[in-house]
Amino acid sequence: MTCHVFERAPVRFLATLAATGAALATLVSPTHAAPAEPGTTHTIPVRSLLDVLPVKDETRDGYQRDAFKHWVDADKDGCSTRKEVLLEEAVNAPGRTGRCTLTGGTWYSPYDDTYVDGARGLDIDHLVPLAEAWDSGAGTWTAAEREAYANDLDDQRALIAVTAKSNRSKADQDPTTWQPPASTYRCQYFTDWVTIKSRWGLAIDPAEQQALTNLADACPNEPVTFEQAR
């Protein structure tokens with residue numbers, strides 16, 4: 001999985017910004033006339049990233065959860081996407097037998113600041129829910145693009161192991177109506193939400209924009225690095 005990097009040193013950040021100047025110029029263009037190609041890497045302050053997200057009304061017309069084929073075994077190693085996330089995020093590694101049977105292990109659920117023993121009490125959450133992705137652009141994608149989104153192991157912010165209780169409380173809501181119960185995690189949640197929406201070229205609606213702006217006002221304007229997925 002690709003780790004996200006927060007560049008805190010101003011000189012280092014400026015050097016990175018200069019090195020990716022052309023790509024960033026495209027990203028921050030208010031007209032979005034020439035979107036960056038997939039695979040392009042950006043480093044940009046999260047508030048600037050929020051400011052260039054397209055703002056559009058959302059529609060859920062035609063949405064079905066199975067339009068996003070998920071928990072596939074993309075690398076054919078016997079572990080589905082769900083189990084790959086569990087293996088990656090375990091605080092204490094579980095045992096693994098057979099093709100990919102997991103036993104034991106401990107995980108930390110940042111949504112509610114809770115440790116969980118055993119994988120049975122965990123859900124793997126799409127940080128930006130599948131229905132929300134559909135509403136904000138994925139409804140026009142190909143089936144292959146939706147499958148890639150639903151199984152995105154290339155950015156560790158996209159999928160996260162959390163308690164089943166917190167995930168089901170969140171359901172398909174955006175930050176307008178749901179934010180993590182653990183208030184200390186909300187700035188990270190805001191940063192990751194904006195980054196994943198940008199990575200996949202998704203829009204935000206006006207109410208979502210206001211909720212994210214309110215979070216931005218209360219959170220550090222950290223630079224984030226991500227790779228354009230589409």
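**Contacts and packing in a predicted model**

Reader: Leaving aside neighbours within four places in sequence, which residues is Gln228 in contact with?
Author: This is a predicted model. Gln228 is found in the segment after β8 (223-227). Leaving aside neighbours within four places in sequence, Gln228 is in contact with Ser198, Arg199 and Gly201, and also with Ala36, Glu37, Pro38, Gly39, Thr40 and His42.

Reader: Does Gln228 count as buried or exposed?
Author: The cut-off for buried is under 20% relative accessible area. Gln228 has 7% relative accessibility, so this residue counts as buried.

Reader: At what angle do helix α8 and helix α9 pack?
Author: Two numbers describe a packed helix pair: the angle between the axes and the distance between them. Here α8 covers residues 186-199 and α9 covers residues 206-218. Their axes are 10 Å apart, and the angle is about 130 degrees.

Reader: Which word describes how α8 and α9 lie to each other?
Author: The angle is about 130 degrees. Angles over 145 count as roughly antiparallel, and 65 to 115 as roughly perpendicular. The pair is therefore oblique.

Reader: Which residues of α8 and α9 make the contact?
Author: From α9 come Glu208, Leu212, Leu215, Ala216 and Ala218. By class, the contact has eight nonpolar, no polar and three charged residues. The α8 side supplies Arg186, Cys187, Phe190, Trp193, Val194 and Lys197.

Reader: Does Lys197 count as buried or exposed?
Author: Lys197 has its place in helix α8. Relative accessibility is 0%, so Lys197 counts as buried.

Reader: With which side chain does the side chain of Lys197 make a polar contact?
Author: The distance is 3.3 Å. The partner side chain is that of Ser136.

Reader: How far apart in space are Trp193 and Ala158, C-alpha to C-alpha?
Author: Trp193 is placed in helix α8 and, at 0% relative accessibility, counts as buried. Beyond four places in sequence, Trp193 touches Leu127, Val128, Pro129, Glu132, Gln173, Asp174, Pro175, Glu208 and Leu212. Trp193 and Ala158 are 35 residues apart in sequence, and their C-alpha atoms are separated by 8.5 Å.

Reader: What is phi of Trp71 near?
Author: Trp71 is found in the loop between α3 (46-52) and α4 (81-89). With 26% relative accessibility, Trp71 counts as partly exposed. Its phi is positive although the residue is other than glycine, with a value near 60 degrees.

Reader: What is the phi of Asp113?
Author: Asp113 lies in the loop between β4 (106-109) and β5 (114-117). Asp113 is not a glycine, yet its phi is positive, at about 55 degrees.

Conventions. Residues are numbered from 1 along each chain as its sequence is written. This is a predicted model: local features need pLDDT of at least 70, side-chain atom pairs count only at pLDDT 80 or more; totals for chains, interfaces and linings use all residues. Side-chain values use heavy atoms; hydrogens and water are left out. Axes are lines fitted to C-alpha atoms, for helices over the stretch in contact, and angles run from 0 to 180 degrees between N-to-C directions. Helices (H or I, at least four residues) and strands (E, at least two) are DSSP runs, numbered from the N terminus. Angles under 35 degrees count as roughly parallel, over 145 as roughly antiparallel, 65 to 115 as roughly perpendicular and the rest as oblique. Contact means heavy atoms within 4.5 Å. Ala, Val, Leu, Ile, Met, Phe, Trp, Tyr, Cys and Pro count as nonpolar, Asp, Glu, Lys and Arg as charged, and the others, Gly among them, as polar. Buried means under 20% relative accessible area, exposed over 50%, partly exposed in between (1.4 Å probe, protein chains only). A polar contact is a pair of N or O atoms within 3.5 Å; within protein, one must be able to donate a hydrogen and the other to accept it, and residues adjacent in sequence count only if both atoms are side-chain atoms.
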